[in-house]
Structures are given as C-alpha cells and as structure tokens.
Amino acid sequence: MRQLKDAIRGEVVRLTRTRLPLWTLVAAVACGGLLTGLVALTGPENATPPMPGLDTVAGVSGVLSLLGVALFVPALIGTVAITGEYRHRTVATTFLAVPKRGRVLVAKLIAYGGLGLTYGVVLALSAVVGIYAGTSAHGIEAGLDPEAILGTTARYGGAAAIYMLLGVGIGAVARHQLLAIGITLGYFYFMENLMMILPGVNVVYPFLPGGATAALTGSTALLEMIAAEAGVSSPVAQAPLVGALLLLGYALATSALAAAVSLRRDVA
Amino acid sequence: MSAAAAAGVAAERVLSGPTLRAEGLVKSFGPVPALTRVDLVARPGRVTGFIGPNGAGKSTTLRILTGLARADRGTATIDGVPYVGLSSPSRVLGVVGDLAGAHPGMTARGHLQTQAALIGVAGERVEEVLEETGLSSVSRRRVRGFSTGMRQRLALATALLGRPSGLILDEPTNGLDPSGTVWLRRLLRSFADAGGTVLVSSHVLTELQQVIDDLVLVEAGRTLWSGSLSDFTGEHASLEGAYLSMIEKEMACDS
C-alpha cells in the first residue's frame, strides 16, 4: 500500500513539474467559457441557420450541447500519461522506480483522474458563466433555470473527467503517441458516427462510448430515435448514471487490457 | 563539484551490497537470438566489469537483471530475488541505463523530485544528490538544454537517490569530460570499498581497467569468460590486449 501511495504521489509531482495542468485549465476555459460565451453573446438566433434563442429551453440546451466537443480534449490529454513516457524514453526510469507496471498505471489513472475532475469543474463553471454573460448582454432570462443549467454542465464536466481516464487507458494500450491520438479521434469522429448510421449495427450504439456519453450528458434525442427505429428500448439512453458507469467501464477495460498485454512488453 | 567530496559519497557509510546473479539467460527478439547463455555474478565489495563487442548482449542482460525485459529462459536475481520482487528496489540498486531518462521539458530538480516521490524518498535527498553530482548550479534548467555529460550526471543522480547499496551502470562514461570520468572512477571505487556492489558495462577498456576487480566477457550472446581482472589479463600488458587476444581467438574458432 505504501508503494502505491508513493507511486501516486510521484505521478502527482510529475504532473505539477510540467506545464500540462496549466494548459489543461486553459483548454477547459476555452472549451467551456469561450465557446459557449461566444455563441451566447453572438446570440444563437443570429447563427446560420438560426437556432432558438437563449430565452428558450431548446436554445440554452443547444448552446450547452456544444460542450460535447470539449470531451475530446481530456481524452487526448489522458493519452499523454503513458505515451509521453515512451516518446521521451522516460518509461525505463519510471519502471525502475516502480517495477510493478500495473501500479504505475493505477497511479497515473488516479493522478490524471484528479486532473480530469479539475478540467470538468472548470469546464462546467466557465460554461455557466458563458451562458449568463450572453443572457445578461441581451437583457433576457435564460430559458432554463440555474439548477438545470448547472446540472447539465456538471454532467458534461463528469463526462470530461471520465474521458481523461479513457484517454489514459487508450494511451496505455497504444504506447505510441500518434497512434493513441489516431485511435481516439478516429474512433470518436469516424467509427462511432459510421456505426450510428449503419442499419443493424446501430442498435448497439447506445452501449458504445458515444451512446453512454449521450446518456450521461443528457443529449439523448439521437439515441431515442435510433432505439425507436430499431424497436428496442435502451436503458442507457434514459439513465445518466448507467451512462457514467458504462464509460467508466470502458476506461477500466482499456486500462486492464494495457496492464495485461502492452505494458508487459520489454522496455528498450 | 569537488571530486574528493564526490568520491566520499559512499565511503562515509558502510554498505551491505547485494549479490547480482544471472544464470543461463536465454533471450530472442523474434527469430534473432540475443542471448544464448549468459551467466554472471557481481559480488559485494567488488567492481565487476561487463564487456563484449557491440551486440554481444550486455544491455539486454542488464535490462533483464533490472526487470525491464524478460528472459525466455534462465534467472536474474538480486540477493536471490528478481528485481520486480524487491519491495524497495531503488534502495537496493541504483541503475544508470539511459541518457534520456528525464522528460526534456522538466528541470533537473523537477525530474529528481518526481523520482524521489516515486520511491518514497524525502525531498532533502534531491538537494544532496544534486550537490554530489555537481548539478546544483543547473538544477533549474530544463533537461532539453543539457549536454550529454550533464544528462549522464543526472542519470547518476537519479540512481543515487535511494541511497542504494548496489549500482548497475551501462556505459556510464559516455559524454563525461575528463574530470567527470575521474569523479565517476573514484565514486565507483569508494562505493565498492564501502561494501557496495558495482556492475559496470563499458567499451572504454583503458578506463575500466583502472577501477574493476572482476570481469565478465560476453560474445555473441554467451559468457566467454568470468573471474578476476588479474586472472584475465595474465601475461598481457593491459585489459585491452587480453580482450582483443581472446576475441580474435574466439573468432578464429568460429570460422
């Protein structure tokens, strides 16, 4: 247990001795406050094509759904946890200090989980600020009450934290930084979208990371449409907690795969 | 850095070095055999040189000894225990294996603070090893700006963090200037004289001859010779002469 504590402390110290936490916070504010703030200040009704205004439920929900793009940032940051060690050839030094490689991965998951939570909190709070900056500028009342806005942004924040862990797991499996980035972006931008529209395959979409994310964040309209078309009722599409647990399961599964296979390989 | 002060790093305390032992190591990378049979012992109170031509299997053997690679067959132990089975490995064995062991964006101090935390060593030890390795004045510089010699010193500082009683060094004089080489020689000698175990691999045989007590020679993945330096050199004037003579004989036998 003492060795695990040391490993966690070491990974936290490692994080704080680089500029990664600073850039993570900058990214959270940029994706949360700047993105929602810019759209809110411009006014969604002025977009092309026009979207519902911020004084409607659909308008506020629409702007908050932009936070979906903010989820890839922690996933990409998470991939650096292990791939950075291989890229900069520091992994041998780390494994000499902590020879039990599974312990290194657990320590990184905990350290980066903390960073992911920080990202999520800053993302959520700055998005709230962005929305209210827009409504104040236009002199209107937000279409959603404060609790609902905070709840929605908090769910995106939680999803962001889990995406950080997912990134750590994907990076540990891939070990190569470009490969890990390629897998992350390729899967979420290409594979899931493809699977979502393929007849027959799309019935499993609610159970994939994208579907679980939609359930967690509350953007379930698409899932419900797919589930209805497939003639199935998807529990994932209706329960945010199930979505969160499913996403966590993917993060832990990729990490377990890495600990069992890729991290056991010889270090050059 | 004062070489005399640095040389006193280990001499100030009595060490109880571990016995490093590899028996019957066999290792292949795909179809390419890297080790066909390597046997090696490094004992406390002795500096053991580990020599051989390029590609003979020295680095692979050291990686197996330190748990970074797995042998297909054979055992590699530190006082009878595999490296990965040691409860506090960095307090038993310091390893200098790769110049690029620190993140280029980190400062030397940041790197050592990270390593100290990973092995559960107090932060004050970081200042001590910075002083011992002569890196105090550059401790706030980022590693990407370090020369090869400074990186080598940082690797040594990392190895010394846990106050180990054994040292494994793979080509430690790479990039070191003459004063650094003398400093390292004194450090290894005083470390062994204090009871520590030192296993050092190097191609610089003239340098190695000045510090080692014992020798293990590997060629084409197998141990050709092991024993004391004096037995190896025999009637030859130098380690280099004895080494070249044995390698030439071996190549003549192979052809």
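## What sits inside around α11(A)

A residue counts as buried here if 20 or more other C-beta atoms lie within 10 Å of its own. Keep in mind that this is a predicted model. By that cut-off, the buried residues of α11(A) are A:G243, A:A244, A:L246, A:L247, A:A251, A:T254, A:S255, A:A258 and A:A259. What lies over them? The cover includes three helices of chain A, namely α6 (101-138), α7 (146-174) and α9 (209-217).

As for the helix itself, α11 of chain A runs over residues 240-260, which makes 21 residues. From its first C-alpha to its last it reaches 30 Å, close to the 30 Å expected at 1.5 Å a residue.

## How α7(A) meets α8(A)

One of the helices covering α11(A) is α7(A), and α7(A) also packs against helix α8 (residues 177-197) of chain A. Their axes are 8 Å apart and the angle is about 130°. Angles over 145 degrees would count as roughly antiparallel and 65 to 115 as roughly perpendicular, so α7(A) and α8(A) are oblique to each other. The crossing is right-handed.

Which residues make the contact? On the α7(A) side they are A:G167, A:I170, A:G171 and A:A174, and on the α8(A) side A:L179, A:A180, A:I183 and A:T184.

## A look at A:L38

Over in helix α2 (residues 20-42) of chain A you'll find A:L38.

If you want a sense of distance, take A:L38 and A:K108: they are 70 residues apart in sequence and 35 Å apart in space, C-alpha to C-alpha.

## Where chain A touches chain B

In the complex, 22 residues of chain A are in contact with 28 residues of chain B. On the chain A side, α1 (2-16) and α5 (91-97) each supply at least two residues. The helix that gives the most to that side is α1(A), with seven residues.

For the complex, the predictor gives an ipTM of 0.92 and a pTM of 0.91. Chain B has a mean pLDDT of 91, and 94% of its residues reach 70 or more.

Where pLDDT is low, the predicted coordinates should not be read in detail.

Technical notes. Residues numbered from 1 in each chain as written. Chains lettered and ligands numbered in written order. Predicted model: local features only at pLDDT ≥ 70, side-chain atom pairs only at ≥ 80, totals over all residues. Helix = DSSP H or I, 4+ residues; strand = E, 2+ residues; numbered from the N terminus. Expected span 1.5 Å × (residues − 1). Buried ≥ 20, exposed ≤ 12 C-beta atoms within 10 Å, placed from the backbone. Contact = placed C-beta atoms within 7 Å. pLDDT = per-residue confidence, 0-100. Axes fitted to C-alpha atoms, helices over the stretch in contact; angles between N-to-C directions. Parallel < 35°, antiparallel > 145°, perpendicular 65-115°, else oblique. Left-handed = near helix turned anticlockwise from the far one by under 90°.
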